[in-house]
Structure formats: C-alpha cells, structure tokens
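Dear colleague,

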Amino acid sequence: MEFFIQQFINGLTLGGVYALIALGYTMVYGIIQLINFAHGEFFAAGGYMGVIILSFMASMGYMETHPWLCLMGSMALTMGYCAMLAMAVEKVAYKPLRFASRLSVLLSALGMSIFLQNGLMLTQGVYDKPYPTSFTDGGFSIGMVTMSYMQVMILVMTVLLLIGLNILVFRTKIGTAMRATAQDKVMSALVGINSNRIISTTFALGAGLAAAAGIMVGLYYGSVRYDMGFVPGIKAFAAAVLGGIGNITGAMIGGLIIGMVEIMAAGYLSSEYKDVWAFVILIGVLYFMPTGIMGENVDDTRV
Amino acid sequence: MKKLITMTLTFAMVMSLALAGAAVAKTLNVGSMSPLTGPYAADGNDIANGVRAAIAVVQDEGGVPGFDEIKFFPQDTACDPRQAVASANKLINDEVSFVIGAYCSSSTIPASETLDEESIPMLTPASTNEKVTERGLEYMFRMCGRDDDQSVVAVAFMTNYLKGKNIYLIDDKTTYSQGLADNVEKKAAAAGIKVLGHDHVNQGDKDFSAVLAKVKAANPDVFYMSLQNSSSGALMAIQARRVGIKAAIIGQDAVYHPQLISIAKEASEGMYLTFGFIDKQRSLYKKFLMKYSEMGFAAPGAYSGYAFDAAYAAIKAIKETGSTDPDAIKGALMKMDYDGATKRIKFMPNGDSGSNYIIRKVDGGKFINYWNPETGSTY
C-alpha cells in the first residue's frame, strides 16, 4: 500500500508537469488548428532561462538570503521570456502561413523545433547545466512514504497555474475573446476582436506555462539539457489528444493520466517500457475515441 | 571552339600543377570518432579534445618527421551504430592513418569492422565491452580497461570491503551498460550476494522515481548503477537520495565524470565508482594537463587522458617507423613499452593494454582514490 501511495505521489508530480505542457498544445490547436511541435522547445528554453537567472542570483548571494523570492522572481522572468519567445516564433514561422495549407504550417513548426533545439545546443553547449539547488532538497516522510518539498512545490504551483488559467479563459474579457476566436475567426473579427493579437496571446500563455514546467523540472531533477524538450513534448501532445485536443480541462486531465500511467507502469510492470504507454494511449485514443475524453466535436471550423 | 579547347587545356594544366603541389606537402591525417552531439556529447568532446591535446604536444615536440602538418578529422558518431559506420567511411575517404574512437562499445564494434577492411588501425580510448578486442581484428587496440575486469573489481569491493549481503542493479540497456550489469550480477551471485532485482531504464530518462521506489522497497545493501552517461547517473543519485535509499551506491566508468559531482552535488557524496587508476604524477600526464588547460578546454573528463594516450601512442608509432603503413604502425605499437600519461603503455597480442580498475569515491566534492583491489585495502 505504501508503495502504491508513493507511486501515486510520483505520478501526480509527473502528471502535473505534463499537464502544464499539454495546455500549450491544446490552446494553440484550439485557436488555429496547429500542432505546435516547437512547443517542447519552449519548455526546454524555460529550463535554461531558469538556470541562467538562478545561477546569477546564486552568484550574487541572493539565494542564501531570499531563496523563495529568487525562485518566484526567476519563474516570473522565465515565463515572461518564453512568452515573448513564443510570440516571436509565431510571428516569424506561423503568421506568414496563416492562409497556407495546414501541412505547410506543420512543417514550419517542425523546422522551428529543430532550429530552437540546435540554437539551444549551440549557445548553451552540449553539457548538462546543473541547477543551483540546495534549498529545494529535503522533504518529509509519513510512514514509508516520502515526499520532497520540490514535489509539493510542483503540485502547488501546477494547481495555482491551472486555476489562474481557468479564471483567465473563462472569466475575463481576453479569455472570452480567445474562446470566440477559437469558435469562429471571421465572426469574432466582425465583432471587433483582433484575432492576430489573440493568437499571439494564446501562444504566449501556452509558452509561459511550459516555461514554468521547465524551471520546475530543472529544479526537481537538478539539471537541464538542450534536448530535454523532445520526449516530454511528445508525451504532453499525447496527453492533449487524450484529453480531447482543443479542450483546456481535457489537457489537464490527460496530463495527469499520462503521468500516472507512466509511473504505475514503471512501478508495477517494467520501467523499460514506461515510455511505450503514453504512445499506446495515444494510438488507442485515436483509434477508439478520436475526440478524446472532453472533446465534443472534431469539426474543422469549431474546435 | 579553338579558344575553348585552349582554355580547357590551360585549366587542366593549372589544376594538375595545383594537385602536384598538394602532393608535395605531406600531411598526417588523424581521425577520431566519438559522440560530439546528443546525450553523450560530454564524453565525446572530451575524447576529441584529448586527441587535439596529443597533436599539440607532438607538435611542441617537433612534429612528425616527414610530415609537414598533422590534420585532425573529428567525426560525430552520436553513439549510433549506423552513424558510426558512416563516420568510419568518411574517415576512410579522408585517408586517415589511424582512428581514435569510438566511445560507445555499440559504435566501436561495427565501425572497427569497416575500418579493418581498409586496414586502418583503430585505438579506442573508452569502449570497455569485452567483444571489442575479442573478434580477432588485425588492427584493433584498446587504451582503457575491460568490463569483465571491471565487474571483478566491483564485486570484490562489495564482498570484501562493503560486506554486502544483497544487491539491486539498474542498467540502461546499451551493449556496454547492460553487458557490465549482467557481468556484475553473475559474479555477485557466484560470490554469494543475493540479487534482489535487476531493472532496466531507458537512455535519456530523467524520471527514475518509479524504479527507485522499487529499489527502496527491496532495501538492498548495495545499489549498482550501470548507466551509459554521467548526467543520468547524477540524476539517479539525486533521486535515490531523495527517496531515501540508504544503500551504498556503486557506479562504473561511464558515470565517472566531473559532471556527476557538478550536477548531483551533495547527493553524489559517498558514491563509489570503478575506474582505471591514473597516476597524476607522471610527467606525460602533467604535460597533457597543461596543454589541455592551455587550449582552453574544461577540466579533463573521464576519457580525455586515455584519448590523449591513444593518439600519442599512434603518432609515436608513426614517428618510430617513419611510415603510415598499418602493419608498420601495428608492429611499433606492439613493441611499445613506455610511461604514458594515464598508465604504462604496453599492448597485449589481442590489442588490449590491460585493466587497472580501482574503486574511487566522491569525497568532499571531488573524486579520490579509495580502495585498491590488489592490496584489498583503502588508499
């Protein structure tokens, strides 16, 4: 039983990270029907920006005096940076192709992904970058179950970010505009919504969440690598499809399920095949339930 | 038309002159193959830099008589067997006299077969799988130790020093890492250590929480991690400490890298690792170290020294015989017996240069020599 609870906590942590990344996929798909394959790179860029800012703060000695302030500050800066990066990528690689065929945009996304990954490799080097983490070490145990402070932080931050996003999308003016653009670009433009700005905002939001996931993953595992965005990106994509691509609540649920399945499969079956399960789910969902858990329709015009 | 013919002829003559000119200036072409990109890039670049340092030291010593310059062709294998064979073919086209590499045993084995067909000597600084030198290849040499010797030392340390009763092993399924873990498992079982489990993870995994929860539940005395890569080792060490695994952790030569400590920090304290003994007081080692830092490379990685020795020995062989004929190089290498940077350089008939594994320990943020299998006591 303790083993199960331990794995459950591990699964929640990993699932939270996948959920944060999956949101970016699903939001972008919802609004311009594009699978943004460069999304995993925003996650990696976030991890790197986090290590750069935190290392700087550590070298200035602020990490000793105000560790949590540093952490929150670097997270905000990183999210801001990645949001801008995503807007730039959108402007360069996707906006000129707004009226091109979907395949062109998809290829552009793949190219952008390779470009960003190699950019990271060339500017930051091929070596792993260690996070200056000592204050995130430690944790507590209840019986045989241990939970590190980092896991608690990931869970709390994920929940806060998800609540924040929900409020933004369903309670604010910009959220209403986003949903309207997703439903019908022409109609929403007719009522005075600047669809280009809304699309840009959507990219920024998704990348910001991915950046938060990147910095938390870096802190949790202790290091980042330039190719860290690839596998989590694909798994988060599977999570978005599982939840029903285009649906925000679905992406959260999908992320949690994928993370949980992966950890449980590694714990009870075999850790060799743990990566297989995310893709088994992806294939299963596409075959038996193409709309996913929460998706209502797969109509081109309204997702 | 006449003008065209004249022009063509002139062009051909100029070209032939240029080619003849090139043929006069004789260059010694040195090839290396190692993973310069991808997850093993850290070790791969260490190897290429080790070769660069060797070439620089040779040039400081007056170069190679009969050759005007030494040209270096580093190839990227990405630790992928197919790319390794492609790299081998590229190096054959570059007409290299010998090749230093590769890093992953799974790359070295197929690439060496391609090179052997063209009779190009290959000296691996880092591939420890037994099969590398056990296939009867004419021109295959190895600078580092072998996994069967490495596992003997690891198991001797568990039984004689740690007095472990049981063990849990994790590997990441490469020719090298799984081969080594299987060796350790077999020998540990023969030595009376109970094997509680042997799990596999994937290369490049970041999250080991699930498999480490299993290790924790099994509660072994010794936890053996056989991973292809030091950063994975660091991640596993951090997470192992975090979930509260109390076992003594033993890693192997691929986990042995300064990166392990820089990433895992306190979590790596007390880890044991098997690696060849390197006497840093040797004069050639000091020369290597000085050149290495002079050239602006970061501190030498695990295999920089072996790569330096391999390249230095091969160039020395060419110097001695004055030719790049593979049989001459082989003959000179076989006769060699001198103090290299990392060890005494003396090759056995199968191309091995002998293993000298010891146990090292992470202590106070650096690697220290810890346990000597020959004397059975700590340093």
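B:Lys319 has a relative accessible area of 30% and therefore counts as partly exposed (buried is under 20% relative accessible area, exposed over 50%, partly exposed in between, with a 1.4 Å probe and protein chains only). This is a predicted model, in which local features need pLDDT of at least 70 and side-chain atom pairs pLDDT 80 or more, while totals for chains, interfaces and linings use all residues. Residues are numbered from 1 along each chain as its sequence is written, chains are lettered from A and ligands numbered from 1 in the order in which they are written, and side-chain values use heavy atoms, without hydrogens and water.

B:Lys319 forms a salt bridge with B:Glu61, with 3.8 Å between the closest N and O atoms (a side-chain nitrogen of Lys or Arg within 4 Å of a carboxyl oxygen of Asp or Glu). The two are 258 residues apart, B:Lys319 in helix H11 and B:Glu61 in the loop between H2 and strand S2 of chain B (helices, H or I, of at least four residues and strands, E, of at least two are DSSP runs, numbered from the N terminus). B:Glu61 is partly exposed, at 33%.

B:Asp60 and B:Lys291 also form a salt bridge, at 2.8 Å. B:Asp60 lies in helix H2 and B:Lys291 in helix H10, so the pair ties together parts 231 residues apart in sequence. B:Asp60 is exposed at 57%, whereas B:Lys291 is buried at 11%.

In chain A, A:Glu262 and A:Lys274 meet in a salt bridge of 3.2 Å, N to O. Both residues are buried.

Over all chains there are 24 salt bridges.

Regards
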